[in-house]
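Open the model in your viewer and keep the selection panel at hand. Each stop below says what to pick and what is there.

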Amino acid sequence: MIPAPFEYHAPRTLEEALRLMERHGDEAKLLAGGHSLLPLMKLRLAMPRYVVDLGRLKGLSYIREENGKIAIGALTTHAEIEHSSLLAAKCPLLSETAAEIGDVQVRNRGTLGGSLAHADPAADYPAALLALDAEIVVASTADARTILARDFFVDMMTTQLRPGEILTQVRVSPRGSRTGGAYAKLHQPASGFAIVGVAARLTLGKGNKIEQVAVGVTGLGPKPFRAAAVERALAGKSASPKLIADAARHAADGIEPLSDLHASRDYRREMAVVFARRALGRALARAAGRDKAGT
Amino acid sequence: MNLSGAVTLPGTPAQVWELLTDAQRLARVLPGCERLDPDGPHRYKAVVKFGVAAISGKYAGSLEFLQLKPPHSLTLQFDGRGLPGFVHGQARIELLRKGPGTELRYSGEAQIGGIIATVGQRLLEAAARKIVQQFFAAAAAELEPTAATENGRASSRGVSKRRQG
């Protein structure tokens, strides 16, 4: 339970941290909340030569409105996202998702940026960020670039982040009128990770017609994905519980689900359908104003 | 853990067979392979660094080909031990001619133990799938030039007019 030796750096500015990452490339790991990296290091499954601790950086922990969007700093903790009044009013799907992560200790220490950069295939945020069409901002010593959430996740624990880059911000659009969102998750009882997690957001138009719908799924395969077949089955149709139940059947279309001792392939596939139905049902109720919580 | 599937590779079954059974070329396409030394007929000693993102470990062990029926099928047996744990298992590989290429069907079973299995159980299958994908991508890249020549010869003889995508 003692990590292999490593060189520790605690930069005080983002520029300093970026220079360290540029110098050490993929031999360095960034430490944010430490809830993924430190257990791996203690078990010596991860043995980075350099650890760059972002804990002393100022100015990367915030939730604020910026140019019509909501910008969230990478070092914002899950608990801050869970309890933010700004998010509760303008993007409650994200708060609802953060509230489902791990336990209180994890939510108090773990950060949005850390979780996204680690890209665990069963992490919760990716489902919500996909459903929200979020943008992810990353910086390097040379420049900053913006990556769409749907392009960001490449494979298990692999993202578009290049060595030397640091994830700095996530941007989401505030919800419009008659829009509802929900995150429904089957918890793995020991770790709290998602066996399956489904985030849904939909907007109603005239005559209860579904004008926009987005469904993000995590935990099912090696990387999170948008359930395009479910979205197609709903878009432009008149919303009803039957329509949602039928559409949810496509939640695992085209995906070969993972299998482990907690959940077999077939069970995961079936649970994706069940939790897609629940998330969509709640999102619809909220869009129609029948349920106060959630986007 | 069971892993099975099929992938289409460029080149004839004979060319794919050659790649699989040539230690030097196999070492080039095996993800993370640091050493692959002959240790008897169709048997090798291997040092392989497997990893996904921050999690990686070095494994030393053996690799053996059994039940060889060139160029149709073989069984691959592997055994490895490293700091994060151990792995052993076997895989059945079949090569079938498919148009100008070869369909490789695989079906394998692996036992994994040690720390990696205790804490990483949740991630093992995704990691294994990724390594298998990397292997086939590298094998396809390795086979591409010889396959192109072979098909070039074939079409010049008028045997195949099918164009390669």
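Two residues are in contact if their C-beta atoms, placed from the backbone, lie within 7 Å. This is a predicted model: local features need pLDDT of at least 70 and side-chain atom pairs count only at pLDDT 80 or more, while totals for chains, interfaces and linings use all residues. Residues are numbered from 1 along each chain as its sequence is written, and chains are lettered from A and ligands numbered from 1 in the order in which they are written.

**Stop 1: the interface.** Select the contact between chains A and B. Chain A gives 20 residues and chain B gives 19. Now colour the chain A side by residue class. It divides into 14 nonpolar (Ala, Val, Leu, Ile, Met, Phe, Trp, Tyr, Cys and Pro), 4 charged (Asp, Glu, Lys and Arg) and 2 polar (the others, Gly among them).

**Stop 2: chain A as a whole.** Chain A holds 12 helices and 14 strands. Both are DSSP runs, numbered from the N terminus: H or I of at least four residues for helices, E of at least two for strands. The radius of gyration, taken over C-alpha atoms, is 19 Å. The globule rule (2.2 Å times the number of residues to the power 0.38) also gives 19 Å for 295 residues, so chain A is as compact as a globular protein of that length. Along the principal axes, its C-alpha atoms fill a box of roughly 60 × 45 × 30 Å. Buried residues (20 or more other C-beta atoms within 10 Å of their own, with C-beta atoms placed from the backbone) make up 50% of the chain.

**Stop 3: the parallel sheet.** Select S1, S3 and S2 of chain A. They form an open, parallel sheet in the order S1-S3-S2. Strands pair if DSSP finds at least two bridges between them. S1 (7-9) and S2 (28-31) are the edge strands, each pairing on one side only. The twist averages 25° from one strand to the next. Between S1(A) and S3 (residues 50-53) there are 3 bridges. Zoom to A:His9: its bridge partner in S3(A) is A:Val52. H1 lies across S1, S2 and S3, at about 165° to S3(A). Such angles run from 0 to 180 degrees between N-to-C directions of lines fitted to C-alpha atoms, for helices over the stretch in contact.

**Stop 4: the antiparallel sheet.** Select S11 to S14 of chain A. These 4 strands form an open sheet in the order S11-S12-S13-S14, with antiparallel pairing. S11 (179-187) and S14 (225-226) stand at the edges with a single partner strand each, so one side of each has no neighbour in the sheet. S11(A) joins S12 (residues 194-204) through 9 bridges. Finish at A:Gly180, whose bridge partner in S12(A) is A:Leu202.

Methods. A residue is buried if 20 or more other C-beta atoms lie within 10 Å of its own, exposed if 12 or fewer, and partly exposed in between; C-beta atoms are placed from the backbone.
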